[in-house]
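Subject: Two-chain model, with notes

Dear colleague,

Here is the structure I promised to pass on to you. Please have it open while you read the notes that follow.

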Amino acid sequence: MMMLKKLFLIAVLSLMVQAGNAFAGSTGSEDLKDSNKPGTANECFEGVSRAVFKFNHALDTAIFEPVARGYRAIPLPIRKGTGNFVDNLRSLLTLSNNILQGDLGAAGNTAGRFAINTTVGILGVFDPAAAMGLEDPGKEDFGQTLGVWGTDSGCYFVLPILGPTTARDAVGLVGNAFLDPVYHITHNSEVKAGIGNSNYSEHNYYYYRGTGAVDFRAKNIESFDSLEENSIDLYASVKSLYLQNREKKISNSKSPIETQDDGDWEEIDN
Amino acid sequence: MKKNFFIIVIFIFLTSIITQKSNAYSSDPKQFITEIVNEAKKVLVDTNTKEFKTEKLSKLALETVDIKGVGYYSLGSYRKQLTKDQLKEYMTLFEKYFLKSFTSRLSDYSDPKIEVISAEVLNEKYTIVRSLLLATDKKPEVKIDWRIYTKNPDKPLIRDLIIEGLSLAKTQKEEFSSVIESNNGDFTKLFITLKEFINK
C-alpha cells in the first residue's frame, strides 16, 4: 500500500516536471519565470507556496531555531562528532547517486571515505579520511542525479516542514528513500525468513535525519537571521538561493562563475 | 605674495592628501580586496559602537562598491521602463537601501578572519577574487568570491559577492523583480517597499 502511494506520488510529480511551464504562476520574477535559464523555475502554485512558506517560517521560529540554539550550547567536539556521524551515514546515499551519475571517481572517493571513517574514525565520529587526502566531495541526492541526467527542474513549490523544492527535487525525495541504505535498514526491522534487522526501527531513520537538520540549522543561525532581516521579499530570496544552490550542486561546479550568467551583467552596460 | 604662495602650497598638499585618501585602494583586484577586508576588520572590532561601524562601513561601501551598477542590475529590464526622474528616485532609494543592508550584514561579524586566496581574470571587465571566511566555534568555513568590475583598471569596484556559489546580486535582483511582478508590474510598489526597509 505504502509502495503504491509512493508510485502515485512519483507519477503526479513527474507530470509536474513535464508541465512546469504550463503551470506557471501569475507572479514571480521575470528571471524566475524563464525556466529555460539555468537556476530558474516557474511557480507551481505561488499562493499556496507562500502560505506554506509562512507556516514553515512560524514553525522554524517556534521550534527549529530554539532547538538549533540549544544544540549549539553543546560543546563543539560533541557537535562536530555528531555532524560527522550523520554525514558518514548520509554518504551512503551520496554513493548510490555517484554511481547513478556515472561518476565513478567520486564513488570511489565516497566509498573510501565511508570505509575509513566507519572503521578508523569510530563509526564516522571522526574524519581521518580527510587527513589522508580524501576530501568530502559534497552530498549527492536523487534530485541532483535527475538533473545530471538532463531532467528539467520543473516548477517550484514549498513543502510543509521540508521547505523549498521543485517537481524534479520532489521526485528526488521519493527516489532517495529507494536509494538510501539507511532507510532500508531502518524500515526493514521486521525479520521475515531471516531477512531484516530487529535492532532498528523507522524511528532511528527519523532521528538521524532530524539530527542532520538540526546540525545544519545550528550552523546557519546567523545566515538565516541576516537573510530575514535584510530581505524585502523573503520568499523570493529563499527561492532564488534554493534554485542557485541546486544548479551549483547539479553542475558539481567548484568555480563560482560557472553557474553565473554574465549576460545579466552585460545588460546594465547598454 | 608670500602669503598667497603659502596658501597655494597648503591647498595642494591638502588636496593631494584627500585625493590620495579616496583613491587609496590598490588597482590590483586581489590586493584591493585584501585592503577592504583589513579595513572592515578594523571597523568591526567589538569595542566600536554600532553607529561608528555603520558610518565607517557605509563610507567603505561608497568608495569600493559600484552601487550604481548594482542598482541598475537589481532593477533588470524594468530600468528601461522608468522615466529619468523615476530612475533618479530609485537610485537615491537604492543607495540608502544598499548601505543599510550592507552594513547590517557585515555588522553581524566581529573580528572576521578572511583569507584572500586568489584572483581569476574573466575578461577585461571582470575579475573574480576568491576568499575564505574561516570557521569559528559557531559557524562553518564559508567561501566568498568577489566579482570585481575592472573596466577602469585604475579603480576596481565590487559588483557582487558570491557566497558558496550563490550570488547576492542575483538574489536581490530576483527579490526586486518578485515585488514588482507581485504588484502587476507596478514598480512604484518597489519604491514603497524600499522606503519601508530604509525606515524600519
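Throughout these notes, helices (H or I, at least four residues) and strands (E, at least two) are DSSP runs, numbered from the N terminus. This is a predicted model, in which local features need pLDDT of at least 70 and side-chain atom pairs count only at pLDDT 80 or more, while totals for chains, interfaces and linings use all residues. Residues are numbered from 1 along each chain as its sequence is written, and chains are lettered from A and ligands numbered from 1 in the order in which they are written.

Just after α4(B), B:Gly76 takes a positive phi of about 60°. Within the helix, the buried residues are B:Ile67, B:Val70, B:Gly71, B:Tyr73, B:Ser74 and B:Leu75, where buried stands for 20 or more other C-beta atoms within 10 Å of the residue's own, exposed for 12 or fewer, and partly exposed for anything in between, with the C-beta atoms placed from the backbone.

The axes of α4(B) and α6(B) come within 7 Å and cross at roughly 50°; axes here are lines fitted to C-alpha atoms, for helices over the stretch in contact, and angles run from 0 to 180 degrees between N-to-C directions. α4(B) is therefore oblique to α6(B), given that angles under 35 degrees count as roughly parallel, over 145 as roughly antiparallel, 65 to 115 as roughly perpendicular and the rest as oblique. The crossing of α4(B) and α6(B) is right-handed (a crossing is left-handed if the near helix is turned anticlockwise from the far one by less than a right angle, and right-handed if clockwise). On the α4(B) side the contact is made by B:Val70, B:Tyr73, B:Ser74 and B:Leu75, and on the α6(B) side by B:Ala169, B:Gln172, B:Lys173 and B:Phe176, two residues being in contact if their C-beta atoms, placed from the backbone, lie within 7 Å. By class, the residues of this contact of α4(B) with α6(B) are five nonpolar, two polar and one charged; Ala, Val, Leu, Ile, Met, Phe, Trp, Tyr, Cys and Pro count as nonpolar, Asp, Glu, Lys and Arg as charged, and the others, Gly among them, as polar.

The contact of α5(B) with α7(B) has eight nonpolar, no polar and four charged residues.

Helix α5 of chain B also holds B:Gln86, which is partly exposed, with 14 other C-beta atoms within 10 Å. B:Gln86 and B:Phe187 are 101 residues apart in sequence and 9.6 Å apart in space, C-alpha to C-alpha.

As a whole, chain B has seven helices and five strands, which follow the pattern α-α-α-α-α-β-β-β-β-β-α-α along the sequence. Of its 200 residues, 31% are buried.

Turning to the interface, 32 residues of chain B are in contact with 31 residues of chain A. On the chain B side, two or more residues each come from α4 (67–75), α5 (84–107), β5 (166–167), α6 (168–182) and α7 (188–199), and α6(B) gives the largest share, nine residues. This side of chain B divides into 10 nonpolar, 12 polar and 10 charged residues.

Chain A has 13 helices and two strands, and 35% of its 270 residues count as buried. Its average pLDDT, the predictor's confidence in each residue on a scale from 0 to 100, is 83, and 79% of the residues score at least 70. Over residues 7–36 of chain A, however, the pLDDT is below 50, although this stretch has 69 contacts in the model beyond near neighbours in sequence. Where pLDDT is low, the predicted coordinates should not be read in detail.

Two backbone angles remain. Most residues other than glycine have a negative phi. A:Leu123, in the loop between α5 (104–119) and α6 (128–131) of chain A, has a positive phi near 60° and is partly exposed. B:Asn184, in the loop between α6 and α7 of chain B, has a positive phi of about 55° and is exposed, with 9 other C-beta atoms within 10 Å.

With best regards
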